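Open the model in your viewer and keep the sequence panel beside it. The stops below say what to select and what is found there.

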Amino acid sequence: MSHHSYGRLNDTDRPEHIQVAFEPPASAETEALLSSDSRQDRHFDDVLLSPKEKGLDQEDKPRTPFKFSHVSIAFVTGIVSCVLAQLAICGPSCFAPRHPAVQVDGASPGVATAFAPPWVGSSTAHPFPPAKPTNAFPSMFPTSVGYAGATPTGAEPALIATAPVYPYQSGQCTKQMVEPESFLAGGNPNPVELKGTVRNATSRDFHLFRSWGNLSPWYSNSKGTFGVDSTPEPPETCRITGLHLLHRHGARYPTQWASYGGPAKFARRIHEKAASWNANGELDFLNSWSYKLGEELLTPFGRKQLFDLGLSYRMKYGFLLQNFTETKTIPVFRTESQDRMLHSALNFAVGFFGLPLEGKYQQSITIEARGFNNTLAPYDTCLNANIRSKSDRGVWYLKRWAGRYLKDARERLSAQLEGFDLSIEDVYSMQQTCAYETVALGYSKFCELFTQEEWEGFNYALDISFWYGSAYGSPVAKVQGIGWVQELVSRLTKTPIKDHNSSTNSTLHNPVTFPLGNSLYVDATHEVVVLNILTALNLTSFARDGPLPYTHIPENRSFRVAELAPFATNVQFQLLSCSSTPGDQIRVIVNDGVAPLTGVRGCPNQKDGMCPVDTFVKAQKEIIANTDWEWDCYGDWTVPEGTEWETTTGEPPKRKA
């Protein structure tokens, strides 16, 4: 039996690599992946085969042997011929030592002494579990054999109301992922210096894992982050009566296609040109690097994120389950059919309910595909959301901003990659690879290549991309979020939706799969949809600094994707009843940061971010009524790229009267 280990690659190792062309499907979240569906044919030179193996006739009589002098003359002649041929082709440099990525002290850092091996940048995958394990006997390993012992339960936790302090989330990264040494001091009293000038030294409040936009693992926004000096704990005289939770899936591999950048696009480029380049210095690791990322699936860390999220919400809001016990019902949670969406929801449920799940809740799985109405994937029924000139406007800004903030990085890294024309897009892809490899593999050498200033530029690059692609700067943001807002109003008012005139699915809106009157709802979706919904709700505080410029980073900007839509982002719509305030109240809490509701018509500038539910619902009904699904999603309107036309409300140009 052979045993496989996972370690560092030597120059002589050659991992299997695959590369086939694919057509990029329309997708809300889009990155690139080096395809791995087929194996290259391997050919062996038949010169190694015997005449018999070649099927040739062999002469029976023995041949006359050569004399020693013949052999000697032929040997010397061959050596001289090889030397002359090499001198004619490449000159004396052919006889220089050729050790990969070795540099003599004092030599120019740009001088390479060997090319990278041909497999560099190719895909490496470790499929598990095996398709047909030979030792699998499910009937001999039942999940229950009885004899469970005593099983009396206790009271449900209510940590959000009973604990003296709120359990803020620092990022879930302490033990699962590792930062480069130059960043480990972020937030500590004695930060170490980063590469670059003094201007780029580590700030005490800098966190690398919080500087990856939508690729950041979720963390708690601190009190006052969004301008409300309050915490998720119920204000004095108030008690929590319900929760509507909207969350994103956990950390994943890159998706299939990217409009700009993409780790696999970079891997493919260096793989295709491996015979012509060599890396040295900080990029020396590229000489033995292969692409180890899968496609779209949750990473192990992503699974843990959702388990932890479910557990944390059970600890904070478990008391809401008492309402189900009293009515002899169980909750209905919703997700989508995509693999990462389904398994994010299931991991959340395992954390929230514990195994086994049967009999504790019901999981509604909506179909994410073209032609199916789905408020958790509204782009599949909104035509204009699939026209790049309307839905992908952020690329124009992103390219221009990347050319500014990565200019120095490109020059610095190009000097260490002889024979390869490193573009700005390649350097941006390296930053993406840092984030993706870290959440998938636990560590990435790419993270060591950039300064704090460049990571802050990357974070802002993703802010620009999502502002113009999925949020307040996108002409199709509001209309995509409006269907879920209709469902929220339906749940808050305990009234079925009358007109299904958006992405809502009338087939699934029935008392079984879309129950009304529950105290707890949990919906799983994508980050783009979370941003669509925040835009549709008219939470204008996040649009305060828009439109976002591509020339510089606005100071103290209010729109930060790492704060609003990271991996496992979670938005609480918290319902309260307060003895000091008449009527039911609602708050919107984004990753533990209380958001102002002052952009919602009629909502007061309340110190804890509360708004009367009736006022909130009235304003949302007005927004719903003023949203034109047919025009926004199917209208023949156009917008020019760039700054010639911009919006801060997530709406397209109005229909002409």
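Helices (H or I, at least four residues) and strands (E, at least two) are DSSP runs, numbered from the N terminus. This is a predicted model, in which local features need pLDDT of at least 70 and side-chain atom pairs count only at pLDDT 80 or more, while totals for chains, interfaces and linings use all residues. Residues are numbered from 1 along each chain as its sequence is written, and side-chain values use heavy atoms, with hydrogens and water left out.

**Stop 1: strand E7**

Select Gln 572, which lies in strand E7 (residues 570–578). Gln 572 has a relative accessible area of 0% and is therefore buried; buried means under 20% relative accessible area, exposed over 50%, and partly exposed in between (1.4 Å probe, protein chains only).

Next, go to Ala 568, in the loop between H15 and E7. The phi of Ala 568 is near 70°, a positive value in a residue other than glycine. Ala 568 counts as buried because its relative accessibility is 0%.

**Stop 2**

Select helix H14 (residues 527–536). Ten of its ten residues are buried, so H14 is largely enclosed by the rest of the structure. Among the buried residues of H14 are Glu 527, Asn 532 and Thr 535. After H14 comes Asn 538, with a positive phi near 65°. Move on to Pro 547, in the loop between H14 and helix H15 (561–564). The peptide bond that leads from Gly 546 to Pro 547 is cis, and its omega is near -10°.

Then select helix H12 (residues 452–470). How far apart are its end C-alpha atoms? They are 26 Å apart, which agrees with the 27 Å that 19 residues should span at 1.5 Å a residue; the expected span is 1.5 Å times one less than the number of residues. In H12, 16 of the 19 residues are buried, so this helix is largely enclosed by the rest of the structure.

**Stop 2: salt bridges**

Side chains of opposite charge can pair when their charged atoms come close. A salt bridge here is a side-chain nitrogen of Lys or Arg within 4 Å of a carboxyl oxygen of Asp or Glu. The structure holds 22 salt bridges.

Show Lys 478 and Glu 651: they form a salt bridge, with the closest N and O atoms 3.0 Å apart. Lys 478 lies in helix H13 (residues 477–493) and Glu 651 in the segment after helix H17 (629–634), so the pair ties together parts that are 173 residues apart in sequence. Lys 478 is buried at 10% relative accessibility, and Glu 651 is buried at 16%.

Now show Glu 622 and Arg 601, whose side chains meet in a salt bridge (3.1 Å, N to O). This pair links distant parts of the chain, 21 residues apart: Glu 622 is in helix H16 (residues 613–625), and Arg 601 is in the loop between strand E9 (593–594) and strand E10 (611–612). Glu 622 is partly exposed, with a relative accessible area of 31%, whereas Arg 601 is exposed at 60%.

Finally, select Arg 334, Glu 487, Arg 491 and Asp 523, which are linked in a network of salt bridges.

**Stop 3**

(On a 1 Å grid over the protein atoms alone, a cavity is a set of points where a 1.4 Å probe fits but cannot get out; lining residues have an atom within 4 Å of a point.) The structure holds three cavities of 30 Å³ or more.

**Stop 4: two loops**

Select Pro 356, found in the loop between helix H7 (339–353) and strand E4 (362–366). A cis peptide bond joins Leu 355 to Pro 356, with omega about -5°.

Lys 328 counts as exposed, at 79% relative accessibility.

Conventions:
On a 1 Å grid over the protein atoms alone, a cavity is a set of points where a 1.4 Å probe fits but cannot get out, and a pocket is an open set with protein on both sides within 12 Å along at least five of seven lines; lining residues have an atom within 4 Å of a point. Grid points are joined across faces, edges and corners, and a volume is the space filled by probe spheres set on the points.
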